[in-house]
Amino acid sequence: MVKTTSHKKHSLNALAITLMVIILVNVLFARHFLRFDLTQEKRFSITKATKNLLHDLDDRVYITIYLAGKLPAEYKRLQIAVAEMLDEYKAYSNDRIEYEFFDPFSLNDPEQTNALLKDLMAKGLETRQISTQSQEEFSQKILIAGAVFNYHDKDIAANFLPEQKQMGEDAVQTVNHGIATLEYTLSNTIRKLMLHQKQKIAIIRGHGELSTAQLADLSVTLQDQQYELQFINLPSLLHISNTFDVTIIAKPTKAFSEQDKFKIDQYIMNGGHVLWLIDPIYASLDSLLGRQARSFTITTDYPLNLKTQLFQYGVRINYDLVQDERCAGIPL
């Protein structure tokens, strides 16, 4: 009898201690937000930059995802990945991320569906035609693998899949690419929404820099990222305006005058930032090609007159050439 009472008393003490530990752990975790990703591929882990971005949200972000309805297995996997990632965003943003899935083809009125599709395409969402085949039938449907983000009455569309280059692309590979870049797509879109003022970028002219056509892809990409671009002719300016957040010097081929170097130096001394894209050597591939193909070519230096100035900034440019047989290969 004594042993039974002692055993019950010991069990009650152990239970009380366990309950106290559970309560203490809950109190500690209530004050400190912690999440653990136990998956092998770290599927639910987001970067520190994304966490800081979500922490800076001062209002709710509403996301309407149009990747909905009856989907093939590959795109269903993308849909699940989007939901899982946004659940993480919601947790780290203190519930300031709200999202819903909506099938635009669930509307009973075809005119409303067409009007919605036109509106989504005008905002930048891409549509792609996918085929599904079963034992009974072969069908095609329009897929919208994207979403519209709303924040402070501002809308921006985001596509989860890369731009479709050709018909009949491998769906598995395309979806894998979309999942791999999903965090960048979501975070970059939220960053655009949070921008109150576009940052200004100046691109220098006047020293044989890359032409507008050669910088077209860079210009489109930067403008898509909500940057404001302006081409400036440095020799005709008294100074570089401090309103420019960054100044780009893209592959100059002619010498910089002392006056232009002074303008650049003063811009840097006043807090400006310069992105130097310098190629010091002229080496033409044309001399290695043609009827009399040779295994060597003669290179010349561009007379940029920048060596001393860059050295004062702690930069030295090496006059080396690197040949890469696999560089920019075009698979056929």
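The dialogue below takes up the chain as a whole, then a helix, the cores, a surface patch and some loop residues.

Mentor: This is a predicted model, in which local features need pLDDT of at least 70 and side-chain atom pairs count only at pLDDT 80 or more, while totals for chains, interfaces and linings use all residues. Residues are numbered from 1 along each chain as its sequence is written, and side-chain values use heavy atoms, with hydrogens and water left out.

Trainee: What does the secondary structure of the protein chain come to?

Mentor: Helices (H or I, at least four residues) and strands (E, at least two) are DSSP runs numbered from the N terminus. Here there are nine helices and 12 strands.

Trainee: How much of the protein chain do buried residues make up?

Mentor: Buried means under 20% relative accessible area, exposed means over 50%, and partly exposed lies in between (1.4 Å probe, protein chains only). Of the 332 residues, 30% are buried. Accessible areas come from the Shrake-Rupley method with a 1.4 Å probe, and for residues only the protein chains shown count as cover. The protein chain exposes about 22,800 Å², of which carbon and sulfur atoms supply 54%. As for contacts (heavy atoms within 4.5 Å), among those with a separation of 6 or more, 70% join residues 24 or more positions apart.

Trainee: What span should helix α3 have, and how far apart are its end C-alpha atoms?

Mentor: The expected span is 1.5 Å times one less than the number of residues. Helix α3 covers residues 73–92, so its 20 residues should span 28 Å, and the 29 Å between its end C-alpha atoms agrees. Its buried residues include Tyr-75, Leu-78, Val-82, Met-85 and Leu-86, and Gln-79 and Glu-88 are also among them. After α3 comes Asn-94, with a positive phi near 60°.

Trainee: Which residues of the largest nonpolar core touch the most other members?

Mentor: A nonpolar core is a set of buried Ala, Val, Leu, Ile, Met, Phe, Trp, Tyr and Cys residues joined through side-chain atoms within 4.5 Å. The largest one has 33 residues, and Ile-97, Phe-149 and Ile-190 touch the most other members. Two or more residues each come from α2 (48–55), β1 (61–65), α3, β5 (146–151), β6 (154–159) and α6 (182–194). The most come from α3, which gives seven. Leaving aside residues up to four places away in sequence, Ile-97 touches Leu-54, Leu-57, Val-61, Ile-63, Leu-86, Tyr-89, Lys-90 and Ile-190. Another core, of 14 residues, lies apart from this one and includes Leu-234, Ile-240, Ile-249 and Ile-264.

Trainee: Which residues form a nonpolar patch on the surface?

Mentor: Like charges are joined within 9 Å, and nonpolar side chains (Val, Leu, Ile, Met, Phe, Trp, Tyr) within 5 Å. Leu-15, Leu-19 and Ile-22 form such a nonpolar patch, with about 270 Å² of accessible area together. Leu-15 belongs to helix α1 (residues 2–31) and is partly exposed, because its relative accessibility is 48%.

Trainee: Where is His-152 found, and what is its phi?

Mentor: His-152 is in the loop between β5 and β6, and its phi is positive, about 55°, although it is not a glycine. Asp-153 lies in the loop between β5 and β6, with a positive phi of about 60°. His-152 is partly exposed at 40%, whereas Asp-153 is exposed at 78% relative accessibility.

Terms used: Patches are made of residues with over 30% relative accessible area and no salt bridge: like charges are joined within 9 Å, nonpolar side chains (Val, Leu, Ile, Met, Phe, Trp, Tyr) within 5 Å. A salt bridge is a side-chain nitrogen of Lys or Arg within 4 Å of a carboxyl oxygen of Asp or Glu.
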